[in-house]
Amino acid sequence: MSEEAGPMLVVYDDPSDQRSLSLDDTSSTEESPDQTRLSLETTTDAIPYIGQRFATHDATYEFYSEFAKRCGFSIRRHRTEGKDGIGKGLTRRYFVCHRAGNTPIKTSNESKPQRNRKSSRCGCQAYLRISKTTELGAPEWRVTGFANHHNHELLEPNQVRFLPAYRTISDADKNRILMFAKTGISVQQMMRLMELEKCVEPGYLPFTEKDVRNLLQSFRKLDPEDESIDLLRMCRNIKDKDPNFKFEFTLDQSNRLENIAWSYASSIQSYDIFGDAVVFDTTHRLTAFDMPLGIWVGINNYGMPCFFGCVLLREENLRSFSWALKAFLEFMNGKAPQTILTDQNMCLKDAIAMEMPTTKHALCIWLIVAKFPSWFNAVLGERYNEWKAEFYRLYNLESVEDFELGWREMIDSFGLHTNRHVANLFNLRSHWALPYLRTHFLAGMTTTGQSKSINAFIQRFLSAQTRLAHFVEQVAVAVDFKDQAGEQQTMQQNLQNLCLKTGAPMESHAATILTPYAFTKLQDQIVYATHYASFQMEDGFLVRHHTKMEGGRKVYWVPREGIISCSCHQFDFSGILCRHALRVLSTGNCFQIPERYLPVRWRRISSSSSTKLFSTIPGDHAEKVQLLQSMVSTLVTESAKSKERLDAATEQVSILLSQIREQPVSVQGTRDISIHRNL
């Protein structure tokens, strides 16, 4: 006997179905018990049929869902009927095609933005109805209505898997995704790793990249105040474990986190040597928390990016940027960089002028060029690439006069007299054009290769963020990973046999002191120098290419003081002597480059080991230690070339070490030595 008839209450899983889908009782077929067959969870029946039985309505849903997947559609729960709705009185349930019903009408709300999402509903009438019965004793569910006629095309097997109903992320996969997110790898990399782990072809996981992004987004939708508390707790925990970790923060009038900046011990140590030129990139946002992100980055002696610090701000205004720069200087013991490169931001420009008055402010050329397509593509059309090539030619000129003349000709040639972007670029030319920047040290960070390297480094820990508190850990992981990769590249560079191209004593001397990265830059200039002629003048030397009859560069050399300078200012700009100065040194029978023109920042000093020692030693003493370490590195390199050299060096160093140990030791020196031994 079926349950007694009574007042029926209808409940819709999707309220919009109440007016958009009509499945009346005329489509059902009631049957007698002897016309039915039992079909529990273990059924092998492929197609639903009237009278088919299931132990629970969830088992029915799973069976119908599998059937739908084979056919090329998915299903959803439509409505339930019962004497008192959901619960004990439930007597009938409907499952329908995912395209059943029509697009629900949304009420407009001006205060709430509407999502313009298209609906796939088209009024499909395919459905399955089950009714509850107790005729065989225990309650069970019987199929009392079934229609499999669709008014739309069914999907192919390779397409149906993309329907939301069949895209699921298991708990195990969720945990794995969250673990990957903490390491900072991108969603695309997560997908590839899991495809390899599960041995499936690319694109055949039971979920998509969008599902993973939605999952990560769901973990970010937490109370901002709780997030801020967790972030501060995380920073304090790191500080307890590592006293050299530094962080600063501000709270607003409601005692909520406003700004926070932090730097790791290794970053502060690296900055002491490589903080002469710094990029402060403020173009990124933590979108999940709607917070602007600022990152301080530099270049080490092996030409690799090194991380200096991070800041999260609530607002991008003069007050916030000023606070961020003050915090950064405090982290770095008040030492301001010689040059700082940023994006175009007037508030940041004013803040740098206030907080770092002696620092040269320049604009990152790669951030400017990234805006060119939106600025000039439509304006220039087919001539865009031609204009871009001319822009780069002007950008790389040496003379200010040549730049300004060429800029005017470029405007005339391309008809850009009224273009506001061109006018703005020209007004800011002293902040981005190389003819105006060559007297300032930029560590080579204006080159395309370095800009790509820095951007890739930044993207590593921006690719996937989970929670705000985890972001500090995530950055630390990325920095540590980069440090380890940097050490490996450093080792590989040092193991490479440097090929001397000229055989000049200056070249072989520099090869023992500079890192392979810096030596390669200098070696190019040494090779170019052989193609130049030098002419002594009353006030210095005139150096020009041997094929030229006019022009050239003025070089000033004071041999007794070991001072040399060139009008091209390449050493000021990159820390590498130019071909013009090298030609004059060669003409003057100078067989070694003066010490001051082999900067410590480009010498063979490990960025991880030496900085740990130097950070505990006063500045002048640190320079002597760095020089000694460079000499020791040269000694090892030269000694390893033969057995005789190695034996002689070992003997002499043993004697020297005995003499050094007899010298008195200061209290400061003892502390420094003990620190070095511990390290």
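## A walk through the predicted chain

T339 lies in strand β12, which covers residues 339-342; helices (H or I, at least four residues) and strands (E, at least two) are DSSP runs numbered from the N terminus. Keep in mind that this is a predicted model, in which local features need pLDDT of at least 70 and side-chain atom pairs count only at pLDDT 80 or more, while totals for chains, interfaces and linings use all residues. Residues are numbered from 1 along each chain as its sequence is written, and side-chain values use heavy atoms, with hydrogens and water left out.

Let us stay with T339 for a moment. T339 is buried, with a relative accessible area of 1%; buried means under 20% relative accessible area, exposed over 50%, and partly exposed in between, using a 1.4 Å probe and protein chains only. A polar atom of the T339 side chain lies 2.7 Å from the backbone oxygen of F441. Not counting residues up to four places away in sequence, T339 touches D276, A277, V278, T359, K360, A362, H440, F441 and L442, where contact means heavy atoms within 4.5 Å.

Now step back to the chain as a whole. There are 27 helices and 17 strands in the chain, and buried residues make up 46% of its 679 residues. Of the contacts with a separation of 6 or more, 61% are between residues 24 or more positions apart. The accessible surface comes to about 36,100 Å², of which 52% belongs to carbon and sulfur atoms; these areas come from the Shrake-Rupley method with a 1.4 Å probe, and for residues only the protein chains shown count as cover.

The buried residues of α15 (residues 420-427) are H421, V422 and L425. Seen down the axis of α15, these buried residues fall within an arc of 100°, so they line one face of the helix; the arc is that of the directions from the helix axis to the C-beta atoms. They pack against α11 (365-369), α12 (372-380), α14 (400-414) and α16 (429-432). On the other side of α15, R420 and N427 are exposed. The N-terminal end of α15 is capped by N419, with a side-chain oxygen 2.9 Å from the backbone nitrogen of H421.

One of the helices packed against α15 is α11, and V369 has its place there. V369 counts as buried, at 10% relative accessibility. Leaving aside neighbours within four places in sequence, V369 is in contact with K388, F391 and Y392. V369 and F391 are 22 residues apart in sequence, and their C-alpha atoms are 9.9 Å apart in space.

Rolling a probe the size of a water molecule over the atoms shows where empty space is left. On a 1 Å grid over the protein atoms alone, a cavity is a set of points where a 1.4 Å probe fits but cannot get out, and a pocket is an open set with protein on both sides within 12 Å along at least five of seven lines; lining residues have an atom within 4 Å of a point. Grid points are joined across faces, edges and corners, and a volume is the space filled by probe spheres set on the points.

The second largest pocket holds about 1,200 Å³ of space. Its lining has 45 residues, of which N396, L434, R438, T447 and F573 lie nearest its centre. Among the elements that give two or more residues to this lining are α11, β9 (277-286), α13 (384-395) and α22 (570-574). The most comes from α21, with six residues. As for cavities, a search of the whole structure finds one of 30 Å³ or more. Its lining consists of L514, L522, G575, I576, L577, Y597, L598, P599 and W602.

We finish in the loops. Most residues other than glycine have a negative phi, and most peptide bonds are trans. C199, in the loop between α5 (187-198) and α6 (209-220), has a positive phi near 55° and is exposed, with a relative accessible area of 71%. H569, in the loop between β17 (563-566) and α22, has a positive phi near 60° and is partly exposed at 29%. H98, in the loop between β4 (90-97) and β5 (127-133), is buried, with a relative accessible area of 17%. Beyond its neighbours within four places in sequence, H98 is in contact with F73, S74, I75, R76, S120, R121 and L163.

Methods
Polar contact = N/O pair within 3.5 Å; in protein donor to acceptor, adjacent residues only side chain to side chain.
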